[in-house]
Amino acid sequence: MKKLFVLLAVFLLPAFSAAQAVHTTLQQEEALLRDWIKTISSDEFGGRKPMTPYEEKTINYMVDQMKALGLKPAFNGSWFQPFKMIATTCKPVGDKFRVKGKKKTELIHKEDMMVWTARATDKVKLPSAEIVFCGFGIDAPEFNWNDFDGIDVKGKIIIAMVNEPGYYNSSLFRGKNMTYYGRWLYKFEQAKRMGAAGCLVLHNTEAAGYGWHVCVNGHIESNLALYDEDTNNSDALAIKGWLHEKGCRKLFAAAGMDFEAALEAAKKPGFKAFSLNLKCDVDMDVEYNIDQTCNVAGMIEGTDLKDECVVFNAHWDHLGIGLPDDRGDSIYNGASDNASAMAALLFAAKKSFEMPVKPRRTLIFLSASSEESGMFGSQYYCEHPAFPMEKTAACINFESVGPAELTHDISVMGGGACELDNYIVEAAAAQGRYVFFKYDNSDGWFFRSDHFNFVKKGVPALVIENGKDIVDPSRPNKYPYKSIYHRPIDEYHDDWDIEGMIANINLMFSMGIRAANSDKAPRWY
Ligand SMILES: [Zn+2]
């Protein structure tokens, strides 16, 4: 018996030591990640709103960390990529727009509508603007759908429902796998192309994927847009914004028209936009400020394919200081969104240096500004990239990666389009995990972060979400994403479960490294 014990001890000893070593490393990694997240999401960083004093603090912190890790600046010797933005704070005079039709009504600021402009002006006035109900506000020839057929919306305010017909009828568009036509940004772009003066996106909590508070909190002050010095943004929509369903009901009531019937008609092929025969008196005071904000990026030079790159990104901005919640907390710390991802970005950079063989393609570690207000930093980056877009093999975007419980599976959106599919399957298999390709994009999540600006330019990207096949169901994530999204309670806690987060970061990192080392850049199918 004694002999057996000794034998066992000898046999077990090396395995035990190795396990202990791995465990220590994991603990160190966890401690490092927690430290970054805790720091970045602390009140000291004030919710990281661009063009506030907190911007400088945030971007300097990121650069300091990048320097300490050994990265090199990515923009011709500079860490910073400055660009001009306009911040507008808009207030309808009297907190309302007066509307006249068969009856009179008023749209109340923040309750019925949330409106703003990107124009550099002190006042927006649209006396007696006509309002046109445009269904989803979509012109999509490939889906044989045009809500603007036969109507002139020049100089008018259009109402466009959020999402798209496929959300309501699986035989239309791509069913619940939402296309870009369902996004509110598309609606604004299309309204501008049609020459409309304004565009109000009709909110619906289910179809939008988020509640009215997101529409209000995100736009209450300092609405941001890229600023073009040549035009002074005079070609931007005079007003854009969100319309609450109850506001829209008021308009239909004033018009003497049937709201429900209009919504139903708009979901069917052959719908035609129509005027509500209302005159809306838009009179809005605007305070604006043109300022500069910065993307930051560091890089690790590749070897034989160093003229090409893979971009890792994590936006650094969040919502700043805004409306207090019922605890009286007004700092939107954004611990999950997006301090967790900024930490992941630094973590990925650290891991890149620890690889025994240098990556073949150059790795760019980008922390883009102004994602929350419309993905402007990544848009600017994609128009002025450190490496040309056609030399950018993939974009690996970290977005709100923690906290997360460890799962056997991993959920992937955007699959079926490019060879990154194979890389993620391989990387997951190497972790003993499996991939669930999710073709339901009904909440539009695939379009809702920086990677999509890369996709628009032809750069492959996937969106990774935590799986559902939980390794330890007795220990559920205490901070589910939907309950903290864009609220002051998105704060770091020491009891954050980050085991799953580390696994997911490693997975995305591994996918990126595969893209950096493959003979050919991942191709589109
Ligand atoms: Zn985010």
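Modeller: Start with burial. A residue is buried if 20 or more other C-beta atoms lie within 10 Å of its own, exposed if 12 or fewer, and partly exposed in between, with C-beta atoms placed from the backbone. Two cautions. This is a predicted model: local features need pLDDT of at least 70, side-chain atom pairs count only at pLDDT 80 or more, and totals for chains, interfaces and linings use all residues. Numbering runs from 1 along each chain as its sequence is written.

Colleague: Which residues of helix α11 are buried?

Modeller: Helices (H or I, at least four residues) and strands (E, at least two) are DSSP runs, numbered from the N terminus. Helix α11 spans residues 420-430, and its buried residues are Leu420, Asp421, Tyr423, Ile424, Ala427 and Ala428. Seen down the axis of α11, they fall within an arc of 165°, so they line one face of the helix. The arc is that of the directions from the helix axis to the C-beta atoms. Exposed Ala429 and Ala430 sit on the face turned away from the buried side. After α11 comes Gly432, with a positive phi near 75°.

Colleague: What do the buried residues of α11 pack against?

Modeller: Contact means that two C-beta atoms, placed from the backbone, lie within 7 Å. The partners are β18 (392-397), β19 (409-413), β20 (434-438) and α14 (499-517).

Colleague: Which residues touch the most other members of the largest nonpolar core?

Modeller: A nonpolar core is a set of buried Ala, Val, Leu, Ile, Met, Phe, Trp, Tyr and Cys residues joined through C-beta atoms within 7 Å. The largest has 156 residues, and Leu345 and Phe365 touch the most other members. Domain 1 (37-70 + 301-517) and domain 2 (87-288) both give residues to this core, so it lies between them. Domain bounds come from an automatic or database domain assignment. Leaving aside neighbours within four places in sequence, the contacts of Phe365 include Met66, Ala297, Phe312 and Leu345.

Colleague: How many residues of each domain are in contact with the other?

Modeller: 22 residues of domain 1 are in contact with 20 residues of domain 2. The domain 1 side has nine nonpolar, nine polar and four charged residues. Here Ala, Val, Leu, Ile, Met, Phe, Trp, Tyr, Cys and Pro count as nonpolar, Asp, Glu, Lys and Arg as charged, and the others, Gly among them, as polar. The C-alpha centres of the two domains lie 31 Å apart.
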